Amino acid sequence: MNNKFDALKQEDSGEDDQTEQKNEQEETDSPFKVRPSPRPGPGEHPLQFNYAIWFSRKSQGKSSASYDQNLKLVGTFASVEQFWGIYSHLVRPSDLTGHCDFHLFKEGIRPMWEDSANNKGGKWIVRLKKGLGSRCWENLILAMLGEQFMVGEEICGAVISIRYQEDILALWNRTACDQVTTSRIRDTLKRILNLPPNTIMEYKTHNDSIKDNSSFRNTDIFMR
Amino acid sequence: GTPPPSPGIIGKYKLADYRYGKEEMLALNNPNHTEPLEEIKKFTYIYVEKPQEPITMQSLSEEEQRLMSQSVNSTAVLRMFGRGG
(Lines give C-alpha, C1' and ligand atoms only; values in the text may rest on other atoms or scores of the structure.)
Protein backbone atom coordinates (compact mmCIF):
# COMPACT_ATOMS: atom_id res chain seq x y z
CA MET A 1 0.00 0.00 0.00
CA ASN A 2 1.74 3.15 -1.14
CA ASN A 3 -0.52 5.70 0.37
CA LYS A 4 -3.91 6.45 1.81
CA PHE A 5 -5.34 7.09 -1.65
CA ASP A 6 -4.62 3.52 -2.71
CA ALA A 7 -5.65 2.13 0.63
CA LEU A 8 -9.03 3.79 0.49
CA LYS A 9 -9.55 2.71 -3.09
CA GLN A 10 -9.01 -0.86 -2.03
CA GLU A 11 -11.41 -0.52 0.84
CA ASP A 12 -14.03 0.94 -1.45
CA SER A 13 -13.67 -1.79 -4.03
CA GLY A 14 -15.78 -4.10 -1.95
CA GLU A 15 -18.80 -1.84 -2.23
CA ASP A 16 -21.75 -2.22 -4.54
CA ASP A 17 -21.06 -2.27 -8.24
CA GLN A 18 -23.18 0.76 -8.95
CA THR A 19 -20.81 2.97 -7.02
CA GLU A 20 -17.91 1.50 -8.90
CA GLN A 21 -19.49 2.23 -12.24
CA LYS A 22 -20.35 5.75 -11.28
CA ASN A 23 -16.78 6.34 -10.25
CA GLU A 24 -15.57 5.15 -13.61
CA GLN A 25 -17.91 7.45 -15.45
CA GLU A 26 -16.66 10.32 -13.38
CA GLU A 27 -13.10 9.47 -14.25
CA THR A 28 -12.88 12.45 -16.59
CA ASP A 29 -13.54 14.64 -13.57
CA SER A 30 -10.87 12.93 -11.54
CA PRO A 31 -8.99 15.57 -9.60
CA PHE A 32 -5.72 13.83 -10.30
CA LYS A 33 -5.78 13.78 -14.06
CA VAL A 34 -3.08 15.78 -15.74
CA ARG A 35 -4.31 19.02 -17.21
CA PRO A 36 -2.33 21.43 -19.32
CA SER A 37 -0.36 23.87 -17.20
CA PRO A 38 -1.73 27.41 -17.11
CA ARG A 39 0.47 30.17 -18.49
CA PRO A 40 0.40 33.88 -17.79
CA GLY A 41 -1.51 35.75 -20.49
CA PRO A 42 0.02 38.63 -22.44
CA GLY A 43 0.84 41.54 -20.14
CA GLU A 44 -0.10 39.58 -17.02
CA HIS A 45 2.08 39.31 -13.94
CA PRO A 46 3.49 35.81 -13.49
CA LEU A 47 3.54 34.15 -10.10
CA GLN A 48 6.67 32.37 -8.95
CA PHE A 49 4.75 29.09 -9.12
CA ASN A 50 1.56 27.90 -10.74
CA TYR A 51 -1.18 27.07 -8.24
CA ALA A 52 -4.31 24.99 -8.05
CA ILE A 53 -7.44 25.65 -6.00
CA TRP A 54 -9.23 22.59 -4.64
CA PHE A 55 -12.49 22.26 -2.78
CA SER A 56 -13.69 19.46 -0.57
CA ARG A 57 -16.92 18.93 1.24
CA LYS A 58 -17.70 16.07 3.52
CA SER A 59 -20.51 14.11 1.95
CA GLN A 60 -23.66 14.03 4.00
CA GLY A 61 -25.04 10.59 3.32
CA LYS A 62 -22.31 8.22 2.39
CA SER A 63 -19.90 8.47 5.29
CA SER A 64 -17.52 5.99 3.69
CA ALA A 65 -16.62 8.39 0.86
CA SER A 66 -12.89 8.83 1.11
CA TYR A 67 -10.98 12.06 1.35
CA ASP A 68 -9.87 12.00 -2.26
CA GLN A 69 -13.39 11.30 -3.52
CA ASN A 70 -14.58 14.52 -1.94
CA LEU A 71 -11.65 16.53 -3.27
CA LYS A 72 -12.31 18.53 -6.46
CA LEU A 73 -9.84 20.54 -8.48
CA VAL A 74 -11.57 23.88 -9.09
CA GLY A 75 -9.01 25.64 -11.25
CA THR A 76 -5.36 26.44 -11.87
CA PHE A 77 -3.62 29.74 -12.49
CA ALA A 78 -0.21 31.14 -13.33
CA SER A 79 -0.53 34.91 -12.90
CA VAL A 80 -1.85 37.40 -10.35
CA GLU A 81 -4.62 38.37 -12.78
CA GLN A 82 -5.69 34.75 -13.26
CA PHE A 83 -5.77 34.29 -9.48
CA TRP A 84 -8.20 37.19 -9.09
CA GLY A 85 -10.25 35.81 -11.97
CA ILE A 86 -10.94 32.68 -9.95
CA TYR A 87 -10.85 33.97 -6.37
CA SER A 88 -13.30 36.82 -6.93
CA HIS A 89 -15.85 34.34 -8.25
CA LEU A 90 -15.59 31.96 -5.32
CA VAL A 91 -17.83 32.16 -2.28
CA ARG A 92 -16.14 33.46 0.87
CA PRO A 93 -15.07 30.54 3.04
CA SER A 94 -17.00 31.85 6.05
CA ASP A 95 -20.20 31.91 4.01
CA LEU A 96 -20.03 28.17 3.56
CA THR A 97 -21.87 25.86 5.87
CA GLY A 98 -21.05 22.31 6.76
CA HIS A 99 -17.72 20.58 6.75
CA CYS A 100 -15.81 22.21 3.84
CA ASP A 101 -12.25 23.07 2.90
CA PHE A 102 -10.57 25.28 0.33
CA HIS A 103 -7.05 24.15 -0.53
CA LEU A 104 -4.60 26.32 -2.46
CA PHE A 105 -1.52 24.34 -3.44
CA LYS A 106 1.34 24.64 -5.87
CA GLU A 107 0.49 22.90 -9.11
CA GLY A 108 1.68 19.31 -8.99
CA ILE A 109 1.34 18.97 -5.20
CA ARG A 110 -1.80 17.16 -4.15
CA PRO A 111 -3.31 18.45 -0.90
CA MET A 112 -2.65 15.16 0.81
CA TRP A 113 -0.24 14.14 3.54
CA GLU A 114 1.15 11.34 1.40
CA ASP A 115 2.20 13.42 -1.60
CA SER A 116 5.96 13.24 -2.10
CA ALA A 117 6.24 17.01 -1.55
CA ASN A 118 4.38 16.73 1.75
CA ASN A 119 5.43 13.45 3.31
CA LYS A 120 8.39 14.91 5.20
CA GLY A 121 6.49 18.09 5.93
CA GLY A 122 4.04 19.53 8.36
CA LYS A 123 1.78 22.49 8.86
CA TRP A 124 1.18 25.50 11.02
CA ILE A 125 -2.38 25.65 12.31
CA VAL A 126 -4.36 28.63 13.59
CA ARG A 127 -7.80 27.78 14.90
CA LEU A 128 -9.95 30.89 14.66
CA LYS A 129 -13.22 32.03 16.11
CA LYS A 130 -16.04 32.18 13.60
CA GLY A 131 -16.14 35.56 11.88
CA LEU A 132 -12.42 35.93 11.15
CA GLY A 133 -11.83 33.15 8.64
CA SER A 134 -12.47 34.86 5.31
CA ARG A 135 -10.27 37.88 5.96
CA CYS A 136 -7.43 35.84 7.42
CA TRP A 137 -7.62 33.43 4.49
CA GLU A 138 -7.30 36.29 2.02
CA ASN A 139 -4.30 37.72 3.86
CA LEU A 140 -2.69 34.30 3.99
CA ILE A 141 -3.04 33.46 0.32
CA LEU A 142 -2.02 36.94 -0.89
CA ALA A 143 1.20 36.60 1.10
CA MET A 144 1.81 33.06 -0.10
CA LEU A 145 1.24 33.87 -3.78
CA GLY A 146 3.34 37.03 -3.49
CA GLU A 147 6.27 35.04 -2.01
CA GLN A 148 6.24 37.01 1.23
CA PHE A 149 7.36 34.08 3.38
CA MET A 150 10.83 34.10 1.85
CA VAL A 151 11.61 30.47 2.55
CA GLY A 152 12.54 29.42 -0.97
CA GLU A 153 10.44 26.51 -2.17
CA GLU A 154 9.46 25.33 1.31
CA ILE A 155 5.77 26.30 1.14
CA CYS A 156 3.47 23.65 -0.34
CA GLY A 157 0.06 25.22 0.10
CA ALA A 158 -2.61 26.67 2.36
CA VAL A 159 -5.94 25.32 3.61
CA ILE A 160 -8.98 26.83 5.26
CA SER A 161 -11.23 24.32 6.97
CA ILE A 162 -14.75 25.38 7.84
CA ARG A 163 -15.98 23.52 10.87
CA TYR A 164 -18.97 23.76 13.16
CA GLN A 165 -17.54 26.10 15.78
CA GLU A 166 -14.29 27.31 14.24
CA ASP A 167 -12.47 28.10 11.01
CA ILE A 168 -9.02 26.55 10.81
CA LEU A 169 -6.15 27.97 8.76
CA ALA A 170 -3.21 25.77 7.90
CA LEU A 171 -0.02 26.46 5.99
CA TRP A 172 1.88 23.40 4.80
CA ASN A 173 5.65 23.25 4.33
CA ARG A 174 8.00 20.60 2.96
CA THR A 175 10.46 19.99 5.78
CA ALA A 176 8.99 19.60 9.25
CA CYS A 177 12.38 19.04 10.90
CA ASP A 178 13.86 22.37 9.72
CA GLN A 179 13.24 24.57 12.71
CA VAL A 180 14.79 27.72 11.28
CA THR A 181 12.34 27.58 8.41
CA THR A 182 9.27 26.63 10.43
CA SER A 183 9.96 29.45 12.92
CA ARG A 184 10.27 31.92 10.11
CA ILE A 185 6.96 30.76 8.66
CA ARG A 186 5.30 31.10 12.07
CA ASP A 187 6.60 34.63 12.63
CA THR A 188 5.59 35.73 9.14
CA LEU A 189 2.15 34.21 9.60
CA LYS A 190 1.65 36.23 12.77
CA ARG A 191 2.53 39.46 11.02
CA ILE A 192 0.54 38.97 7.86
CA LEU A 193 -2.53 37.80 9.78
CA ASN A 194 -2.05 40.56 12.36
CA LEU A 195 -2.49 38.05 15.18
CA PRO A 196 -2.53 39.30 18.77
CA PRO A 197 0.52 38.19 20.80
CA ASN A 198 -1.44 35.66 22.86
CA THR A 199 -2.57 33.67 19.82
CA ILE A 200 -2.15 29.92 20.08
CA MET A 201 -0.50 28.38 17.05
CA GLU A 202 0.01 24.69 16.58
CA TYR A 203 2.37 22.65 14.43
CA LYS A 204 1.77 19.12 13.31
CA THR A 205 3.89 16.91 11.07
CA HIS A 206 2.00 15.05 8.35
CA ASN A 207 3.70 11.89 9.55
CA ASP A 208 1.89 12.30 12.87
CA SER A 209 -1.34 13.06 11.00
CA ILE A 210 -0.99 9.79 9.10
CA LYS A 211 -0.35 7.94 12.38
CA ASP A 212 -3.41 9.22 14.22
CA ASN A 213 -5.43 9.83 11.03
CA SER A 214 -6.29 13.31 12.22
CA SER A 215 -5.43 16.73 10.92
CA PHE A 216 -5.88 18.86 14.01
CA ARG A 217 -5.55 16.62 17.09
CA ASN A 218 -2.35 16.02 19.10
CA THR A 219 -0.53 19.08 17.85
CA ASP A 220 2.52 20.86 19.24
CA ILE A 221 1.61 24.17 20.79
CA PHE A 222 3.36 27.48 20.40
CA MET A 223 2.49 30.54 22.42
CA ARG A 224 4.31 33.68 23.16
CA GLY B 1 5.06 42.71 18.84
CA THR B 2 6.65 39.98 16.80
CA PRO B 3 10.45 39.88 16.56
CA PRO B 4 12.06 41.05 13.30
CA PRO B 5 12.74 38.50 10.57
CA SER B 6 15.22 35.85 11.65
CA PRO B 7 18.65 37.09 10.58
CA GLY B 8 20.55 35.06 8.05
CA ILE B 9 17.54 33.38 6.54
CA ILE B 10 17.90 35.29 3.30
CA GLY B 11 21.35 33.76 2.90
CA LYS B 12 19.76 30.36 3.36
CA TYR B 13 17.12 30.89 0.68
CA LYS B 14 17.41 32.62 -2.64
CA LEU B 15 14.82 35.39 -3.03
CA ALA B 16 12.02 34.59 -5.44
CA ASP B 17 12.10 36.25 -8.85
CA TYR B 18 8.39 37.10 -8.76
CA ARG B 19 7.43 38.76 -5.50
CA TYR B 20 4.37 40.92 -4.82
CA GLY B 21 3.54 42.78 -1.65
CA LYS B 22 -0.08 42.92 -0.57
CA GLU B 23 -0.67 46.34 -2.14
CA GLU B 24 0.76 45.13 -5.44
CA MET B 25 -1.45 42.06 -5.42
CA LEU B 26 -4.48 44.26 -4.78
CA ALA B 27 -3.50 46.77 -7.43
CA LEU B 28 -3.46 44.02 -10.06
CA ASN B 29 -7.08 43.12 -9.40
CA ASN B 30 -9.18 44.53 -12.20
CA PRO B 31 -12.82 43.64 -11.57
CA ASN B 32 -13.72 44.47 -15.18
CA HIS B 33 -11.37 41.82 -16.44
CA THR B 34 -12.26 38.94 -14.23
CA GLU B 35 -14.29 36.98 -16.71
CA PRO B 36 -14.79 33.72 -14.85
CA LEU B 37 -13.21 30.66 -16.32
CA GLU B 38 -15.75 28.24 -17.71
CA GLU B 39 -14.33 25.44 -15.62
CA ILE B 40 -15.28 27.03 -12.31
CA LYS B 41 -18.89 27.72 -13.28
CA LYS B 42 -19.77 24.07 -12.84
CA PHE B 43 -18.93 24.27 -9.14
CA THR B 44 -22.33 25.71 -8.39
CA TYR B 45 -21.94 25.30 -4.64
CA ILE B 46 -19.02 27.74 -4.48
CA TYR B 47 -19.33 29.77 -7.70
CA VAL B 48 -20.39 33.41 -7.44
CA GLU B 49 -21.49 35.08 -10.67
CA LYS B 50 -20.66 38.69 -9.81
CA PRO B 51 -16.96 39.26 -9.04
CA GLN B 52 -16.48 40.24 -5.40
CA GLU B 53 -13.94 42.81 -4.34
CA PRO B 54 -11.19 41.65 -1.97
CA ILE B 55 -12.26 41.62 1.69
CA THR B 56 -9.27 43.79 2.46
CA MET B 57 -10.99 46.66 0.66
CA GLN B 58 -13.63 46.68 3.40
CA SER B 59 -12.57 47.99 6.78
CA LEU B 60 -12.93 45.74 9.79
CA SER B 61 -16.50 45.42 10.95
CA GLU B 62 -17.29 46.18 14.58
CA GLU B 63 -17.62 42.48 15.20
CA GLU B 64 -14.21 41.79 13.64
CA GLN B 65 -12.63 44.58 15.70
CA ARG B 66 -14.09 43.10 18.84
CA LEU B 67 -12.80 39.64 17.96
CA MET B 68 -9.34 40.88 16.98
CA SER B 69 -8.96 42.79 20.24
CA GLN B 70 -9.57 39.63 22.24
CA SER B 71 -8.15 36.22 21.53
CA VAL B 72 -8.71 35.27 17.92
CA ASN B 73 -8.55 31.59 18.82
CA SER B 74 -11.64 29.42 18.81
CA THR B 75 -13.20 28.50 22.12
CA ALA B 76 -12.36 24.88 21.37
CA VAL B 77 -8.62 25.47 21.24
CA LEU B 78 -8.62 27.86 24.21
CA ARG B 79 -10.42 25.31 26.33
CA MET B 80 -8.05 22.57 25.26
CA PHE B 81 -5.09 24.59 26.45
CA GLY B 82 -6.63 25.67 29.71
CA ARG B 83 -7.39 29.25 28.81
CA GLY B 84 -11.00 29.11 29.79
CA GLY B 85 -13.65 29.87 27.26
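How many salt bridges are there between chain A and chain B? The count between the two chains is two, a salt bridge being a side-chain nitrogen of Lys or Arg within 4 Å of a carboxyl oxygen of Asp or Glu. A:Asp178 forms a salt bridge with B:Lys12. Their closest N and O atoms are 3.1 Å apart.

This is a predicted model, in which local features need pLDDT of at least 70, side-chain atom pairs count only at pLDDT 80 or more, and totals for chains, interfaces and linings use all residues. Residues are numbered from 1 along each chain as its sequence is written, chains are lettered from A and ligands numbered from 1 in the order in which they are written, and side-chain values use heavy atoms, with hydrogens and water left out.

Stay with the interface. On the chain A side, 70 residues are in contact with 59 residues of chain B; contact means heavy atoms within 4.5 Å. The area buried between chain A and chain B is about 5,700 Å². Carbon and sulfur atoms give 58% of that area. Buried area is the accessible area (1.4 Å probe) that two parts lose on being put together, summed over both. In chain A, the residues that lose the most area to chain B are A:His89, A:Lys129 and A:Arg135. Together they account for 15% of what that side buries.

Now turn to the helices of chain A. Helices (H or I, at least four residues) and strands (E, at least two) are DSSP runs, numbered from the N terminus. Two packed helices are described by the angle between their axes and the distance between the axes. Axes are lines fitted to C-alpha atoms, for helices over the stretch in contact, and angles run from 0 to 180 degrees between N-to-C directions.

Helix α4 (residues 80-87) of chain A packs against helix α5 (residues 133-145) of chain A at about 160°, with axes 12 Å apart. α4(A) and α5(A) are therefore roughly antiparallel, the word for angles over 145 degrees. From α4(A), A:Phe83, A:Trp84 and A:Tyr87 meet a set in α5(A) that includes A:Trp137, A:Glu138 and A:Ile141. By class, this contact has seven nonpolar, no polar and one charged residues. Ala, Val, Leu, Ile, Met, Phe, Trp, Tyr, Cys and Pro count as nonpolar, Asp, Glu, Lys and Arg as charged, and the others, Gly among them, as polar.

α5(A) also meets helix α6 (residues 179-193) of chain A. Their axes come within 9 Å and cross at roughly 125°. A:Cys136, A:Asn139, A:Leu140 and A:Ala143 in α5(A) meet A:Leu189, A:Ile192 and A:Leu193 in α6(A). Six of these contact residues are nonpolar, one is polar and none is charged.

Over all chains, the salt bridges come to twelve. One of them joins A:Asp101 to A:Arg163, with closest N and O atoms 3.1 Å apart. A:Asp101 lies in strand β3 (residues 100-106) and A:Arg163 in the loop between β5 (155-162) and β6 (167-173), so the pair ties together parts of chain A that are 62 residues apart in sequence.

Last, the backbone. Most residues other than glycine have a negative phi. A:Asn213 has a positive phi near 50°, and A:Asn218 has a positive phi of about 55°. A:Asn213 is found in the loop between α7 (206-212) and β8 (220-222) of chain A. A:Asn218 is found in the loop between α7 and β8 as well.

Technical notes:
Parallel < 35°, antiparallel > 145°, perpendicular 65-115°, else oblique.
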